[in-house]
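This report describes strand pairing, nonpolar cores and a surface patch. Please keep the sequence and the structure at hand while reading.

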Amino acid sequence: MTEAKPPGHGPLTGVRVVELAGIGPGPFAAMLLADLGADVVRVDRPGGPGLGIDPAYDVTNRNKRSVIVDLKAPDGAARVLDLAERADVLVEGYRPGVAERLGVGPEDCHARNPRLVYGRMTGWGQQGPLADRAGHDIAYIALTGTLGMIGDRSGPPAVPANLLGDYAGGSLYLVVGVLAALHHARATGTGQVVDAAIVDGASHLSAMIHGMLAAGGWQDRRGANLLDGGCPYYGTYETADGRHMAVGALEPRFYGEFLRLLGIEDQAAAHTDVTRWPKLREQVAARFRTRTRGEWTAVFEGSDACVAPVLSLREAPHHPHLAARSTFTDHGGITQPAPAPRFSATPTTVRTGPARPGADTGGVARDWDVPRLLSAPRNPQ
């Protein structure tokens with residue numbers, strides 16, 4: 001297998017990142033850094049971890065390189081510290097105290113590289129009563145109040161996959177924190193630890209809602225508010241073929257356009273009359289059930305009614321707008337989201353497919369000048 005070359009595109013070109021392998025938000029954060037051009041070296045452990053799928057399909061490991069280090073081996077920590085000494089950023093997602101026990105905690109790394117930004121990705125955070133407990137996305141967002149906001153009022157909270165906790169409240173906040181700390185390190189020569197906890201990030205995402213709650217503009221129960229499905233002109237409706245349309249006609253002008261195209265213009269006064277919302281919802285639902293998703297898509301095409309078809313994962317890449325923007329890309333036979341956001345001077349791209357565990361040991365040892373890596377196990381798969 002040909003080893004991946006160091007990246008040469010993107011605004012983070014020249015930034016070196018060490019990722020201590022894990023699953024979920026840590027790898028996604030490191031993928032985002034890699035997409036932005038950083039040279040991300042993933043330190044895989046012998047035999048795992050993984051998502052339970054062929055590593056060739058794990059797109060969260062795209063644009064990275066991989067080496068294998070057994071941190072429990074006598075010289076395992078030394079290999080990682082060699083990398084940390086030459087890195088700008090290190091990302092790990094262990095439970096609190098584990099990295100320290102393995103000899104690769106912040107103090108060990110900063111002793112070798114005081115400028116290092118040490119990013120820690122956990123669900124509960126580094127301190128607090130639950131810090132040492134196991135958990136997953138759904139438990140983290142449950143405690144923050146964000147899970148309880150989502151879903152129909154007559155049913156249980158709806159599970160938003162692991163997008164809200166792991167990736168929005170976790171990965172994205174870790175990346176923001178790492179980049180801010182990197183800016184500080186380059187200005188001062190001093191690195192620091194970034195404690196990115198999903199409970200903190202997911203809570204932060206609800207800042208606007210907390211303001212509305214304090215002002216009396218939000219009820220503390222789901223399915224009763226403007227943006228949580230309680231409003232009949234902000235939600236989803238089933239069509240004649242069992243598919244769905246999404247409606248977001250909030251402003252008066254958009255609401256008027258929505259009513260006109262739906263054929264219920266006599267409901268204009270219901271826009272601000274909450275007492276009329278139940279009847280309006282019934283009428284909107286009845287109208288959408290009269291045609292298929294494709295037919296309604298054609299009706300609303302080109303309008304400002306803020307209505308869109310609800311597409312599946314396989315359908316989304318073929319939507320004309322997303323196709324025109326190349327929002328999705330094909331690389332190595334895998335259709336996947338393209339890097340985001342976009343940059344005018346330093347464009348990003350999917351440079352390499354998912355890093356295979358240990359496949360890049362020689363190249364990393366050469367490029368980072370870490371000869372000790374060459375004695376580590378390679379290509380176990």
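How many bridges join β4 to β5, and do they run parallel or antiparallel? Four bridges join the two strands, and β4 and β5 run parallel. The model discussed here is predicted.

## The parallel sheet

β4 and β5 belong to an open sheet of six strands, in the order β3-β2-β1-β4-β5-β6, with parallel pairing. Its edge strands are β3 (64-68) and β6, each of which pairs on one side only. On average, neighbouring strands of this sheet are turned by 20° against each other, direction ignored.

Strands of a sheet pair through backbone hydrogen bonds, either parallel or antiparallel. On one side of β4, strand β1 (residues 16-20) pairs with β4 in the parallel sense over three bridges. Glutamate 19 has valine 91 of β4 as its bridge partner. Valine 91 also stands opposite glycine 119 in β5, and valine 89 has valine 117 of β5 as its bridge partner.

## Strand β4 and its two faces

In a regular strand the side chains alternate between the two faces of the sheet. In β4, Val89 and Val91 lie on one side, Leu90 and Glu92 on the other. These four residues are all buried, and both faces of the strand are covered.

## Nonpolar cores

The largest nonpolar core has 28 residues; Val17, Leu33, Ala38, Val40, Val117 and Leu174 touch the most other members. At least two residues of this core come from each of α1 (25-35), β4 (89-92), β5 (117-122), α6 (163-188), β6 (192-197) and α7 (198-205). The element that gives the most is α6, with six residues.

Another core, of 25 residues, lies apart from the largest one. Among its members are Ala77, Leu83, Leu116 and Ala365.

## The β10-β11 hairpin

Strands β10 (residues 328-331) and β11 (residues 334-337) pair in the antiparallel sense, over four bridges. Threonine 329 has glutamine 336 of β11 as its bridge partner. The hairpin has two residues between the strands, and glycine 332 in this hairpin takes a positive phi near 60°.

## A nonpolar surface patch

Met208, Leu226, Leu227 and Tyr234 make a nonpolar surface patch of about 330 Å². Leucine 226 is placed in the loop between α8 (207-214) and β7 (234-238).

Why is leucine 226 counted as partly exposed? Its relative accessible area is 35%, and partly exposed covers the range between buried, under 20%, and exposed, over 50%.

How values were computed:
Residues numbered from 1 in each chain as written. Predicted model: local features only at pLDDT ≥ 70, side-chain atom pairs only at ≥ 80, totals over all residues. Heavy atoms only, no water. Patch = residues over 30% accessible without salt bridge, like charges linked within 9 Å, V, L, I, M, F, W, Y side chains within 5 Å. Areas by Shrake-Rupley, 256 points an atom, 1.4 Å probe, with all protein chains shown as cover. Salt bridge = Lys/Arg side-chain N within 4 Å of Asp/Glu carboxyl O. Buried < 20%, exposed > 50% of the residue type's maximum accessible area, 1.4 Å probe, protein only. Core = buried A, V, L, I, M, F, W, Y, C linked by side-chain atoms within 4.5 Å. Pairing = 2+ DSSP bridges. Axes fitted to C-alpha atoms, helices over the stretch in contact; angles between N-to-C directions.
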